[in-house]
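I opened the model and kept notes as I went. The entries below follow the order in which I looked things up.

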Amino acid sequence: MPDDDPLIAELRALDAWLDVPPAADQRAAVRARLAPRRRARWIVAGLAALVGAVGVVAPARAAVVEAVGDVLRVVGIEVRQDRTPGALPATPSPLPGVRIARLDEAKRAALFPVRVPAALGVPDEVKLADPDPAGAPRVVTMTFRGGAVRLDQFDGTISPMFLKASGGSAEWTDVKGEAAIWVAGPHSVRYVDRQGSERTETGRLAAPTLIWSGGVVTYRLEGLATLAEARAAASDLR
Amino acid sequence: MEVSGLDEAGEVDDAAAVERARGGDLDAYDVLVARWTAPAHRFAVLLGAGAEADDVVQEAFVKAYRQLARYRGDSGFRPWLFSIVANEARNLHRSRKRRDGLVLRAAAKEDPAPTDADPADHVLATERRQRLVDGIRLLDSREREVLVCRYFLELSEAETADTLGVPKGTVKSRTSRALTRLRSLLAVEEVPGA
């Protein structure tokens, strides 16, 4: 089958005469078909670590799902595949500068709006942690129901503060239409403080947790047994 | 790996985009979709997908993304994507009842570069092209595929092998068989008019 075969030359020349209609732009359609499926897949793949990224979160939060490398980001929440199991350290280290405060005091001290889930009533205890030099806390923690339920809220506009969780299975959900992550199983939680040191506050594994983002604040609600209950609580912050 | 010089720069970009897309970066995948939609669509049309070529392309891009983990990059993104397009086009043929859906039509437009040549020659050339197209249409789809890859897309034997998912030797023998078959179809067609 030599290349100088006249039939081959004819075929090559014929190409210019073939009627090929213009192609439709497939970008939007392909993306629309891939995005939701992809999210599901991340979870099925066995999510090992959650990072509530509080770094660069633009005020105008386009609610887009973005994935780069092995990190999936949804409005300030990062999901990271972590090969290492979520082992607990022998000696827990509390968050720096923790102090107990009254709710109204917490609302004044924090640089972000501090809210309470209406479904959980009045917090048993309010703690402020990791303050800046002027005393404004990075994290406000509230406990409810005798300490069984815990809500962490932290400013999504200051950098870089992370919340890491390892182990457990997780799934995507939403809180009032904003992407959220539900970690049903036990997992370890670590904070990265202002100095970049990782801290594990407790020597226990965390209970079911809902992580979501609202306005400039990222929330972590731990201790409600079901997703429905957690979403309901998360949907009504006052 | 056989990559023509022209493709080299593009293939490097493809590799980087594939790498990022593999990590879930849909923006990176957008780049690949934008770059390869038109060639993939053209391929689908040439394989006989007709009006369904756009659907074939979309399906191929979705499947390609979901199979990115299996992509090893030995021969570039194009043959890999095209292999999925070819597969989709075949599925289309199987699900179709009528074979005349496989349309390969000569352009109705006039000669893009009219010359001072004899109008009779022009008519002959047009008739000849029509006969060629008719002949290709009568080929078995596997024979048509190799001719499309080798002479319309100008793929190398290795790229054709990757695209069609067959060994290089099969590409060689199938091409040769397709040309022989086409030649005999043309000869038969010429008889009544001779």
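**Entry 1: chain A as a whole.** I counted four helices and 15 strands in chain A. Helices (H or I, at least four residues) and strands (E, at least two) are DSSP runs, numbered from the N terminus. I was working with a predicted model, in which local features need pLDDT of at least 70 and side-chain atom pairs count only at pLDDT 80 or more, while totals for chains, interfaces and linings use all residues. Residues are numbered from 1 along each chain as its sequence is written, chains are lettered from A and ligands numbered from 1 in the order in which they are written, and side-chain values use heavy atoms, with hydrogens and water left out.

I then looked up burial. Buried means under 20% relative accessible area, exposed over 50%, and partly exposed in between (1.4 Å probe, protein chains only). Of the 238 residues in chain A, 45% are buried. For contacts (heavy atoms within 4.5 Å), I took those in chain A with a separation of 6 or more, and 61% of them are between residues 24 or more positions apart.

Entry 2: How many residues of strand S7 (residues 137-144) of chain A are buried? Eight of the eight are, so S7(A) is largely enclosed by the rest of the structure.

I next checked the partners of S7(A). Two strands pair if DSSP finds at least two bridges between them. Strand S6 (residues 125-131) of chain A pairs with S7(A) in the antiparallel sense over six bridges. On this side, A:Val126 has A:Met142 in S7(A) as its bridge partner. Strand S8 (residues 149-155) of chain A also runs antiparallel to S7(A), and six bridges join the two. Here A:Thr141 is bridged to A:Asp152 in S8(A).

I looked at both turns. Five residues lie between the strands in the hairpin of S6(A) and S7(A), and A:Gly135 in that turn has a positive phi of about 95 degrees. The hairpin of S7(A) and S8(A) has four residues between its strands, with A:Arg145 at a positive phi near 50 degrees.

I also noted A:Asp130, which is in strand S6 of chain A. Its phi is near 50 degrees, a positive value in a residue other than glycine. Most residues other than glycine have a negative phi. A:Asp130 counts as buried because its relative accessibility is 4%.

**Entry 3: strands S14 and S15 of chain A.** I found five of the six residues of strand S14 (residues 209-214) of chain A buried, so S14(A) is largely enclosed by the rest of the structure. S14(A) pairs with strand S15 (residues 217-222) of chain A over six bridges, in the antiparallel sense. One pair I wrote down is A:Trp212 with its bridge partner A:Tyr219 in S15(A).

**Entry 4: helix H6 of chain B.** I moved to helix H6 (residues 141-152) of chain B, where B:Glu145 is found. H6(B) is mostly covered, with 10 of its 12 residues buried. Among the buried ones are B:Val146, B:Leu147 and B:Phe152.

Is B:Glu145 buried or exposed? B:Glu145 counts as buried, at 5% relative accessibility. Leaving aside neighbours within four places in sequence, I found B:Glu145 in contact with B:Leu47, B:Ala86, B:Arg90 and B:Leu164.

Just after H6(B) comes B:Glu154, with a positive phi of about 55 degrees. B:Glu154 is in the loop between H6 and H7 of chain B and counts as partly exposed, at 42% relative accessibility.

**Entry 5: a loop residue of chain A.** I looked up A:Ala23, in the loop between helix H1 (6-14) and helix H2 (27-44) of chain A. A:Ala23 is partly exposed, with a relative accessible area of 31%. Which residues does A:Ala23 contact, leaving aside its neighbours within four places in sequence? They are B:Thr37, B:Ala38, B:His41 and B:Asp54.
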